[in-house]
Amino acid sequence: MPNQDKTSVLLFWDYDTQWGGDRSRSGKGPQDWGHEFENTERLLEMMHQYEMRSCIAVVGSAALPGERPYHDPRQVRAIHDAGHEVASHTHRHEWIPGLSREELIETLTSSKDALEQCIGAEVSCLVPPYNQPFDYLRALSISFAERREAGKGRVDLRRLCETMHEIGYKFCRVGYRSLSARIGDRVRGNRIYHPSQVETIGGVVCLRTNSCGFAANAMAVFDRCLATKKTLVIYGHPHSLTDTKNVQRFELLEGFLKRVRDLRNEGRIRVMLPREVVAEHSAA
């Protein structure tokens with residue numbers, strides 16, 4: 001598990017391309033995310049400036065030959081060549097809870113294969129679209145929406161991880177929250193996230209995300225992680241970086257990267273990739 005002498009920071013990017021825009025579950029219909037590629041170019045430059053590594057979760061179909069806004073294998077290779085870890089974000093940004101076993105195997109396998117063929121390296125991490133499934137009974141995380149929409153045959157978190165393990169994945173970023181935590185959110189009127197801890201589900205090493213974006217609430221979680229020397233798992237979307245009202249916008253990201261650089265230089269944190277978490281957890 002991550003060394004407790006320092007706070008570990010894992011930064012993820014969900015690279016949806018237009019596959020994700022077409023399957024948006026915001027209730028507003030399909031979204032135009034074709035600008036994601038230009039945002040990613042600027043993002044890679046900024047990450048290089050601050051010497052920051054991240055895990056970029058790519059829909060597998062983006063690595064196949066074709067044109068933007070659905071494909072750009074050259075940019076996927078550029079992500080890998082820049083030192084970032086390429087993860088799978090399924091093949092076409094599917095909503096996992098509603099998939100059959102055959103559909104789940106198909107999207108996990110196709111994405112892994114397409115990405116590995118593109119970058120010439122192993123892809124062992126999965127970032128599920130929408131951070132779902134949330135349904136994980138062992139942790140008292142019950143998703144009534146998933147149970148209602150996907151029915152009895154739904155893919156819950158344990159089933160997902162067991163299938164990932166069969167295919168050869170080793171790490172999953174997860175987003176489940178217990179029913180008591182969600183009730184507490186409603187009572188308080190705001191959501192409180194806590195530092196992440198490594199756990200193994202269905203043979204796969206997992207870390208829970210504890211912040212989306214880089215606004216004040218995310219920095220409060222960062223402070224809690226620093227105080228406890230535990231793990232910050234933070235993520236954003238390249239397509240949101242130029243939205244001036246979004247908590248993921250470039251302006252806030254730059255402030256976060258400056259803070260990470262300064263704390264790293266002080267020896268208080270270390271920046272990790274999922275594959276390093278897996279290796280350290282396996283050696284423990």
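In which strand does Val-174 lie? Select strand 5 (residues 171-174), where Val-174 is located; helices (H or I, at least four residues) and strands (E, at least two) are DSSP runs, numbered from the N terminus.

The model is predicted, so that local features need pLDDT of at least 70 and side-chain atom pairs count only at pLDDT 80 or more, while totals for chains, interfaces and linings use all residues. Residues are numbered from 1 along each chain as its sequence is written, and side-chain values use heavy atoms, with hydrogens and water left out.

**Stop 1: Val-174**

Val-174 counts as buried at 2% relative accessibility; buried means under 20% relative accessible area, exposed over 50%, and partly exposed in between (1.4 Å probe, protein chains only). Display its neighbours next: not counting residues up to four places away in sequence, Val-174 touches Leu-157, Cys-206, Leu-207, Arg-208 and Thr-209. Contact here means heavy atoms within 4.5 Å. The C-alpha atoms of Val-174 and Thr-209 are separated by 6.3 Å, although the two residues are 35 residues apart along the chain.

**Stop 2: the nonpolar cores**

Select Leu-253 and Phe-256, the residues with the most contacts inside the largest nonpolar core, which has 42 residues. Such a core is a set of buried Ala, Val, Leu, Ile, Met, Phe, Trp, Tyr and Cys residues joined through side-chain atoms within 4.5 Å. Leaving aside residues up to four places away in sequence, Leu-253 touches Trp-13, Leu-43, Met-46, Phe-214 and Leu-241. A second, separate core of 18 residues includes Leu-108, Leu-157, Met-164 and Ile-201. In soluble globular proteins, nonpolar side chains tend to be buried together.

**Stop 3: helix 4 against helix 6**

Two packed helices are described by the angle between their axes and the distance between the axes. Select helix 4 (residues 101-119) and helix 6 (residues 157-167): their axes come within 10 Å and cross at roughly 50°. Axes are lines fitted to C-alpha atoms, for helices over the stretch in contact, and angles run from 0 to 180 degrees between N-to-C directions. Helix 4 is therefore oblique to helix 6; angles under 35 degrees count as roughly parallel, over 145 as roughly antiparallel, 65 to 115 as roughly perpendicular and the rest as oblique. The crossing of helix 4 past helix 6 is right-handed, a crossing being right-handed if the near helix is turned clockwise from the far one by less than a right angle, and left-handed if anticlockwise.

On helix 4, show Arg-101, Leu-104, Ile-105, Leu-108, Thr-109 and Lys-112; on helix 6, show Arg-159, Leu-160, Thr-163, Met-164, Glu-166 and Ile-167, which complete the contact. By class, this contact of helix 4 with helix 6 has 6 nonpolar, 2 polar and 4 charged residues. Ala, Val, Leu, Ile, Met, Phe, Trp, Tyr, Cys and Pro count as nonpolar, Asp, Glu, Lys and Arg as charged, and the others, Gly among them, as polar.

**Stop 4: helix 8 against helix 9**

Next, select helix 8 (residues 216-228) and helix 9 (residues 250-265), which pack at an angle of about 15° with their axes 12 Å apart. Helix 8 and helix 9 are therefore roughly parallel to each other, and their crossing is right-handed. Met-219, Phe-222, Asp-223 and Leu-226 in helix 8 meet Phe-256, Arg-259, Val-260 and Leu-263 in helix 9. The classes in the contact of helix 8 with helix 9 are 6 nonpolar, no polar and 2 charged residues.

**Stop 5: backbone features in loops**

Most residues other than glycine have a negative phi, and most peptide bonds are trans. Select the loop between strand 2 (55-58) and helix 3 (73-81), where Pro-69 is found; the peptide bond from Arg-68 to Pro-69 is cis, with omega near 15°. Move to the loop between strand 4 (125-126) and helix 5 (144-150), which holds Pro-133. The peptide bond from Gln-132 to Pro-133 is also cis, with omega near 20°.

Tyr-130 lies in the loop between strand 4 and helix 5, and its phi is near 65°, a positive value in a residue other than glycine. Tyr-130 is partly exposed, with a relative accessible area of 23%. Thr-90, in the loop between strand 3 (85-88) and helix 4, has a positive phi near 65°. Is Thr-90 buried or exposed? Thr-90 is buried, with a relative accessible area of 0%.

**Stop 6: Val-278**

Finally, select Val-278 in helix 10 (residues 274-283). Val-278 counts as buried at 12% relative accessibility and touches Lys-170, Phe-171 and Val-205, residues up to four places away in sequence not being counted.
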